[in-house]
Amino acid sequence: MSEALYEKEFKCPVCNNSFSSKRVRLSSLRVERRDEDFCTTYKGHNPMHYEILVCPNCGYSSSENNFDNLSPKELNTLKEVLSGKVVNRSFCGERTINDALDSYKLALYIAKSRDAKDSIIAGLTLKIAWLYRELKDEKELEFIKYTLEYYKHAYDKENLPIGNLDEISIQYLLGELSRRISKLNDAVFWFNKAVSNPDRAKNPRIEKIAREQWLLVKEQNKRTAQ
Ligand SMILES: [Zn+2]
């Protein structure tokens with residue numbers, strides 16, 4: 001077993017089963033690359049592969065952040081949704097990238113069943129897109145499109161911060177995701193909002209990459225206009 005991984009114990013809030021799941025030691029993380037949409041690639045184990053907990057007894061799946069806080073209504077819904085389902089696969093050991101991808105798809109199914117906020121759904125679909133990127137699979141773009149729609153709804157309806165994104169970060173990310181699916185006018189619209197955000201001085205890193213990506217999209221726009 002790799003020393004970069006360790007076991008952590010959890011108790012499923014739906015069926016009360018106790019199980020352990022692997023995590024990546026923070027001290028082992030070595031960043032290889034950061035993409036402009038915040039996707040981070042690591043040398044060795046990718047902590048994102050282990051972020052979703054999957055109960056091996058009932059199949060309840062969620063990120064650790066949202067794992068426990070189920071309302072009585074959500075609990076009832078999930079008990080119905082999961083009743084009679086057979087889990088014939090364990091996600092508790094070392095995960096392949098396909099295990100990671102399937103854990104996110106389960107978490108997405110559960111999040112939709114419990115009527116989770118758009119920002120939570122968007123966080124899951126974005127990570128599914130990143131896993132497809134790791135696999136060099138063009139389904140990445142399909143999931144970037146979903147992510148854009150869910151984050152736009154979240155931006156319209158939810159209070160800031162959206163997940164861990166402050167206003168300038170979500171505006172920037174909407175620009176970058178639009179750029180990646182070649183919606184260049186939308187990308188300019190969102191990058192404009194980010195670089196003129198009154199709070200930009202509080203987040204100079206995002207302001208800087210927003211300006212860089214804005215110039216990049218202007219170049220892309222010129223090329224497509226020629
Ligand atoms: Zn369970």
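Modeller: The largest nonpolar core

The largest nonpolar core has 51 residues, and Tyr104 and Tyr151 touch the most other members. This is a predicted model; local features need pLDDT of at least 70, side-chain atom pairs count only at pLDDT 80 or more, and totals for chains, interfaces and linings use all residues. Residues are numbered from 1 along each chain as its sequence is written.

Some terms come first. A nonpolar core is a set of buried Ala, Val, Leu, Ile, Met, Phe, Trp, Tyr and Cys residues joined through C-beta atoms within 7 Å. Buried means that 20 or more other C-beta atoms lie within 10 Å of the residue's own; exposed means 12 or fewer, and partly exposed is in between, with C-beta atoms placed from the backbone. Helices (H or I, at least four residues) and strands (E, at least two) are DSSP runs, numbered from the N terminus.

Strand E5 (52-54) gives two or more residues. So do the helices H1 (72-82), H2 (97-113), H3 (118-134), H4 (139-157), H5 (167-180), H6 (184-195) and H7 (204-225). H3 gives the most, with nine residues. The core lies between domain 1 (5-147) and domain 2 (166-226), because both give residues to it. Those domain bounds come from an automatic or database domain assignment.

Leaving aside neighbours within four places in sequence, Tyr151 is in contact with Ala122, Ile170, Leu173 and Leu174. Contact here means that two C-beta atoms, placed from the backbone, lie within 7 Å.

Next, the two domains. Their C-alpha centres lie 29 Å apart. Seven residues of domain 1 are in contact with seven residues of domain 2. On the domain 1 side, three of these are nonpolar, one is polar and three are charged. In this count, Ala, Val, Leu, Ile, Met, Phe, Trp, Tyr, Cys and Pro are nonpolar, Asp, Glu, Lys and Arg are charged, and the others, Gly among them, are polar.

The loop between H4 and H5 holds Pro161. The peptide bond from Leu160 to Pro161 is cis, with omega near -5°.

Now the whole chain. It has seven helices and six strands. From the N terminus on, the order is β-β-β-β-β-β-α-α-α-α-α-α-α. Buried residues make up 35% of the 226 residues. Among contacts between residues at least 6 apart in sequence, 57% join residues at least 24 apart. Along its principal axes, the C-alpha trace spans about 60 × 40 × 35 Å.

Strand E1 (residues 5-11) and strand E2 (residues 18-24) pair in the antiparallel sense over seven bridges. Pairing requires that DSSP finds at least two bridges between the strands. Glu9 stands opposite Ser20 in E2. Six residues lie between the strands of this hairpin.

Two residues in loops close the tour. Asn16, in the loop between E1 and E2, has a positive phi of about 65° although it is not a glycine. Asn16 counts as exposed because it has 10 C-beta neighbours inside 10 Å. Phe38 is found in the loop between strand E3 (30-34) and strand E4 (40-43). Phe38 is not a glycine either, yet has a positive phi of about 80°. With 16 other C-beta atoms within 10 Å, Phe38 is partly exposed.
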